[in-house]
Amino acid sequence: MTSKTIKKEYIEVSGARENNLKDIDVKIPRGEYTVVTGLSGSGKSSLALDTVYSEGLRRYIECLSTYARQFLERVDRPDVDDIKGLPTAIAIESKNTIRNSRSTVGTTTEINDYLRVLFSKIGKIFCPGCSKEIVKYTPDIIAEKTYKNENGKKCIISVPVKEGFSPANYLAKGFSRAYADSDYIELEDIDSFPVNAQLIIDRVLLDTDSRSRLIEALEIAFKESNSLFVTIVEGKIYNYTDGFECTDCNFKFVKPTPASLSFNSPQGACPECNGFGNNLEIDPELVIPNPELSIKNGAIEPFTKPSYKIHMRRLIEFAEENSIDTSKKFCQLTNKQKELVFNGKNNYKGVNGFFKRLEKKSYKMHVRVFLSRYRSSVKCESCNGSRLKEQSLFIRVNNKNIHELSEITIYRFYDFFMNLDLSEYDKSISEDIINEILSRSEFLIKVGLGYLTLSRLSRTLSGGESQRVNLACQLGSKLTETLYVLDEPSIGLHPKDINQLISIIFELKSRNNTILVVEHDHDMVMAADNIIELGPEAGEHGGEIVYIGRVKNFIRSKTDSYTRQYLSGEKYIEQNKGLRNGKSKYLTISGAKENNLKNIDASIPIGKFTCVTGVSGSGKSSLVNDVIYKNLIRKFRSEKEKPGKVDKIKGDNFISDIILIDQSPIGRSGRSNPVTYIKVYDEIRKVISSPMRAKLKGFTPSHFSFNVKNGRCESCQGEGRQKIEMLFLADVIVTCEECNGKRFKKDILGYKYNGKNIDEILNLTVDNAVIFFFEHHKIVRMLKILQDVGLGYLRLGQSALTLSGGEAQRIKIARELSRKTASGVLYILDEPTVGLHSEDINKLLYVLNKLVDNGNTLIVIEHNLDVIKSADYIIDLGPDGGENGGNIVAEGTPLEILKSKNSHTAQYLKKHLN
């Protein structure tokens with residue numbers, strides 16, 4: 001008898017040709033963890049996201065309404081012959097597309113929803129006047145309390161007489177007596193009630209036989225009135241209401257509901273800020289960006305505009321009348337003089353009066369734009385940033401209101417609910433709710449986000465943080481038989497946190513889900529069941545299967561693969577031995593206190609490569625982006641971004657400029673592309689339009705631009721694609737039918753330069769364009785810089801919207817390298833290794849060192865150990881994230897960092913170097 005073998009199921013991809021994929025066939029085992037790796041531009045995202053996930057999404061859309069399906073004929077399908085065995089697909093990308101100021105970590109993960117239900121069910125209301133707990137008294141509760149305090153005594157149950165009711169009205173209902181000034185009154189004997197009269201419902205002797213009678217009397221009393229009195233004969237008088245009311249302070253409370261605890265609902269949102277927690281107000285720091293200037297020299301920035309010169313004259317006249325020296329630096333004026341400048345006196349209303357008058361004209365677009373330059377978010381005074389109505393904050397669970405719980409870190413939030421002290425009754429009501437809250441907060445901790453708070457705005461999260469929040473949400477949803485496509489989930493994670501991320505992926509896999517991950521991190525690759533390596537190179541030299549199979553067999557294989565060489569140690573990035581050790585000048589930061597920074601002092605050596613590292617949430621971005629960049633950008637370009645809190649920054653005279661090279665897109669429209677960004681397209685258009693036949697046709701360089709009307713397709717305005725609004729669904733992007741995605745008019749496309757029209761030239765890769773324009777040295781020189789940063793595989797006209805964050809960042813580096821005059825500049829880069837293979841990181845380090853060798857200073861925020869070991873100087877923040885971070889754990893050269901016993905980075909760097 002033969003034993004039955006379980007047949008393994010696969011997602012079978014046949015003939016994938018999306019982007020640079022070369023008609024490949026792939027089998028992805030279902031229910032397993034498969035990693036897709038390879039050089040940047042080798043086709044990883046084209047396979048995982050643009051082919052497998054896109055087809056899953058398209059099949060989902062086919063199940064939608066007729067309205068949605070009417071557009072499907074125009075939606076581009078992935079260029080693939082067939083995909084079999086494809087389950088429901090969910091993509092979790094390393095992008096943060098949320099721009100809504102109402103979205104927070106709590107709302108995204110649905111923890112807020114459970115919190116609101118919990119507080120409405122078991123929350124206790126406390127009076128702000130006397131701090132007494134406000135209880136909704138039911139007949140049972142009143143009876144229990146009465147018997148406990150006054151057992152064996154006689155009591156009278158009464159209610160206030162309703163206004164407009166006569167004794168006859170109550171006689172008709174069966175009542176016979178009233179009570180006023182300690183006297184009993186027979187209703188038959190009176191025509192009207194005396195002042196402060198109370199209707200007697202019943203008189204009860206408080207013994208064991210009368211309990212049901214007392215409860216019945218109390219029920220009748222609440223039917224007649226929303227308040228009642230229990231008067232103990234020759235004793236106390238107790239007053240009860242059937243609502244939430246403090247009888248001592250006469251303070252009435254609304255019954256808690258989930259909606260009344262939500263800042264997204266009119267029932268719960270603060271009416272002053274509409275649930276945003278802040279208001280846009282005129283910011284004095286933006287009105288006076290440089291307090292070193294005097295009033296006469298333009299300290300009041302809005303009054304320097306030509307349209308408002310008259311206000312400058314009025315201010316100077318007012319200042320002279322009030323003995324304010326207009327030639328003195330504004331920062332040297334007294335507080336009283338500054339207040340006069342802003343608030344005025346008598347008929348002159350000051351700077352604030354100027355803005356109030358403008359606000360009355362805010363129906364005009366140019367006025368709204370002008371006002372926006374001088375406004376910034378200020379915490380709402382009404383709700384103190386809580387976003388909720390005052391009454392919502394009176395509700396507490398274990399002495400914490402819902403806002404206070406949203407402001408603590410996820411670590412402390414989780415501990416709070418683990419140690420929650422509840423009565424047996426409250427436990428029985430809230431057990432399931434608390435389990436969901438604990439489960440979701442535990443997932444956030446597992447993905448390395450325990451340092452966040454529930455109130456953290458989603459739009460302020462980095463791409464990696466946003467992806468991990470979404471990953472935690474998927475764990476909470478507990479889906480099975482689903483395909484998860486993850487795009488570099490290790491982004492933003494310190495090596496210390498990688499193992500936790502791997503355990504999360506295994507947890508998803510344990511529910512019989514299929515996990516497809518685009519990744520470069522060595523630990524993430526080695527933890528996978530299967531590996532698909534694409535390549536062998538990037539762009540048109542990639543898109544082929546280099547290896548597909550089990551990870552355990554990959555290292556032993558003889559595959560000619562970059563990934564295998566780095567994993568096996570055959571190839572590695574050498575540590576930079578020639579550190580720039582000489583004496584250096586320093587950019588000195590004193591007393592940095594932004595976010596979780598603990599009043600730290602730091603020194604950045606000028607003319608060197610400094611790496612700022614530390615675990616996620618340790619304060620790296622707070623120090624580099626908020627404190628250093630935002631403070632210095634005000635000096636060099638008068639930017640109005642609100643700077644991070646710091647006592648003093650010295651040494652900025654040693655740098656000529658400051659430039660942040662981040663991973664934001666290089667353009668907002670599809671017309672932006674690599675060659676327009678580095679300014680080489682201007683030269684290309686000049687070359688294409690220079691032949692005599694082009695001039696005879698009347699073609700000028702502007703005819704080959706998709707930013708002006710001369711030659712571009714007007715149907716799509718040079719985008720090549722059009723957006724169709726789908727109302728309640730996400731907008732659909734489709735290829736322009738007029739130009740078929742070529743972006744230019746037919747007569748422009750008919751003209752050829754060296755055998756290629758403008759569309760064909762823009763579709764050349766950078767590598768091929770270097771050969772195509774070999775006679776034009778200026779074009780070749782600028783294109784070779786793109787090759788130097790590892791982007792030779794990009795197409796000249798590739799839309800900026802299709803570039804990854806890492807690619808966009810390297811294009812920005814290329815533009816800086818093309819600036820011959822750039823020297824003495826402070827460059828700041830935030831995780832430049834995102835999306836890079838080890839082979840690409842090697843090239844990146846060459847480029848970064850080239851920037852420094854040109855006489856510039858470089859600060860890089862990074863977790864990658866190859867970058868850390870290559871820096872001249874390291875600042876390691878921590879020791880952990882959130883409130884447990886914000887200190888400098890270690891600083892110095894890589895060898896000096898290794899000596900630190902408290903640094904997580906030192907531990908992993910030591911292993912890496914070994």
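The model is a predicted one, in which local features need pLDDT of at least 70 and side-chain atom pairs count only at pLDDT 80 or more, while totals for chains, interfaces and linings use all residues. Residues are numbered from 1 along each chain as its sequence is written, and side-chain values use heavy atoms, with hydrogens and water left out.

The confidence of the predictor in each residue is given by pLDDT, on a scale from 0 to 100. The protein chain averages a pLDDT of 87, and 95% of the residues score at least 70. Over residues 1–5, however, pLDDT stays under 50, and the model has zero contacts beyond four places in sequence for them. Where pLDDT is low, the predicted coordinates should not be read in detail.

Leu-783 belongs to the largest nonpolar core, which has 75 residues, and together with Ile-813 it touches the most other members. Such a core is a set of buried Ala, Val, Leu, Ile, Met, Phe, Trp, Tyr and Cys residues joined through side-chain atoms within 4.5 Å; buried means under 20% relative accessible area, exposed over 50%, and partly exposed in between, with a 1.4 Å probe and protein chains only. Helix H30 (residues 838–853) gives the most to this core, with seven residues, where helices (H or I, at least four residues) and strands (E, at least two) are DSSP runs numbered from the N terminus. Apart from this core lies another, of 71 residues, among them Ile-92, Phe-394, Phe-413 and Ile-498. In soluble globular proteins, nonpolar side chains tend to be buried together.

H10 is followed by Gly-344, whose phi is positive, near 70 degrees.

On a 1 Å grid over the protein atoms alone, a pocket is an open set of points where a 1.4 Å probe fits, with protein on both sides within 12 Å along at least five of seven lines, and lining residues have an atom within 4 Å of a point. The second largest pocket has a volume of about 920 Å³, and of the 38 residues that line it, the closest to its centre are Asp-521, Asn-864, Leu-865, Asp-866 and His-912. H33 gives the most to this lining, with four residues.

Turning to the backbone, a cis peptide bond joins Gly-535 and Pro-536, with omega about 5 degrees, and Pro-536 is placed in the loop between strand S21 (530–535) and strand S22 (544–550). Another cis peptide bond, also with omega about 5 degrees, joins Gly-878 and Pro-879, the latter lying in the loop between strand S32 (873–878) and strand S33 (887–892). Asp-23, in the loop between strand S1 (10–16) and strand S2 (24–29), has a positive phi near 55 degrees and is partly exposed, with a relative accessible area of 45%. Asn-384 has a positive phi near 55 degrees and is exposed, with a relative accessible area of 52%. Most residues other than glycine have a negative phi, and most peptide bonds are trans.

Terms used:
Contact means heavy atoms within 4.5 Å. Grid points are joined across faces, edges and corners, and a volume is the space filled by probe spheres set on the points.
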